[in-house]
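Colleague: Please look closely at one part of this model, and take me through the contacts there with the cut-offs behind each term.

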Amino acid sequence: MSSFELATARGTLRWQGTAVMGILNVTPDSFSDGGSHRDEAEAVAHALRMMNQGALLIDVGGESTRPGSTGVTAAEEIRRTGPVVRRLSELGVPVSIDTMKPEVAADALEGGAWIVNDVSGLRDPDMIRVTAGAGAGVIVMHMLGEPRTMQEAPGYADVFAEVRAELLEAAARARAAGVASVMIDPGIGFGKTLDHNLELLRRLPELTADGLPVLVGASRKGMLGKITGAGAAADRDAASVAVHLYAAGRGAAMVRVHDVAGHVQALKVWQALAGGEE
Ligand code: HH2
C-alpha cells in the first residue's frame with residue numbers, strides 16, 4: 001500500500017492507502033446536500049461526525065459548482081465558510097477550503113485551514129501567491145470552462161492527455177512559487193461527458209505515475225445517475241463507493257465523499273484484501 005504525505009505550515013497529513021475527505025457544503029444550493037448545513041452549529045456537528053467516522057480532513061465549501069450554477073460573491077462565500085473554518089480549526093480538525101477565489105482562500109487560511117482546494121486549477125495567479133504565502137498545501141483540479149456552461153457539449157481532442165497536461169502545468173506553477181504540497185484531481189463531472197469521466201478513471205494509473213498524489217471526487221455525481229438510473233443524488237451512495245473503490249485500486253490517494261462511514265468501511269475491507277496481494 002502506498003504512503004502519502006501532505007506537509008503544510010499547520011501540520012502534516014500522513015496516511016497509507018486511500019484516505020477519505022469529508023464534504024461539508026455550507027451552501028443553500030449544492031446539488032446533493034445544499035441547504036442541510038447552513039446553521040454553523042449543525043455544520044460543525046456534521047464535520048465532527050465525519051471525523052469520528054474516519055475522515056482524514058474536512059473540505060469546506062461555500063459556493064456550489066454544480067453544472068449551471070452562477071456563483072456567489074467573495075464576501076458571501078466568506079460569510080458562509082469563515083466561521084465554520086475557524087470553529088473546526090479551534091477543535092483541531094484539518095480543513096481544506098473549496099474555493100476558486102483568492103480572497104476566500106486567504107480568509108480560510110488565516111482562520112486555520114491547511115489546504116486550498118481550487119476546482120479552477122489555479123487559474124487566478126493570486127491563488128498561488130496566497131497559498132504559498134501561508135505555507136498551505138493545494139489541490140489542483142481540472143475543469144473545462146466554468147460551472148455555468150461546462151456541461152454544454154464539452155469536447156476534447158484527447159481528454160486524458162489534455163487533463164493530465166493542464167494538471168501538471170498548474171502543479172509545476174504552484175511548486176515553482178513555493179507551494180510544497182500539491183495534490184491533483186481530474187475533476188470528475190467538470191466539463192466532461194460520461195465517456196470522458198470513464199476514460200479518466202480507467203487511466204488513473206497513468207496519472208498517479210507522475211508522482212503526485214491524486215484525489216478523485218465522484219461522490220453522488222451525475223455520471224453515477226446516468227449509469228444506475230438513480231435520479232436523486234442522495235440515492236447514489238452505493239454507486240459512489242463502487243467508483244471510489246475502483247479509483248482506490250488504481251492508486252487514488254484520496255476520495256472526496258459525502259457518505260464517510262460507508263466509504264471508510266468499504267475501503268477497510270478492500271484494503272485488507274488488496275494489501276494481502278502485494
Ligand atoms: N467536486 C465538487 C466540488 N469540489 N473538489 C475537488 N477537488 N474535486 C471534486 O471532484 C469536486 C470538488 C462538486 O461536488 P459538491 O461539493 O458535492 O457539490 P457542489 O459543487 O454543488 O457544492
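**A charge over a ring, and a helix pair**

Modeller: R250 sits over the face of Y246, 3.7 Å from the ring centre, where a charge counts as over a ring if NZ of Lys or CZ of Arg is within 6 Å of the ring centre and within 35 degrees of the ring normal. The model is predicted, so local features need pLDDT of at least 70 and side-chain atom pairs count only at pLDDT 80 or more, while totals for chains, interfaces and linings use all residues. Residues are numbered from 1 along each chain as its sequence is written, and side-chain values use heavy atoms, with hydrogens and water left out.

Turning to the helices, α3 (residues 102-110) and α4 (residues 125-134) pack at about 10°, with axes 9 Å apart; axes are lines fitted to C-alpha atoms, for helices over the stretch in contact, and angles run from 0 to 180 degrees between N-to-C directions. Helices are DSSP runs (H or I, at least four residues), numbered from the N terminus. The two are therefore roughly parallel, a term for angles under 35 degrees. P102, A105, A106 and L109 of α3 meet D126, M127, V130, T131 and A134 of α4, contact meaning heavy atoms within 4.5 Å.

Key. Parallel < 35°, antiparallel > 145°, perpendicular 65-115°, else oblique.
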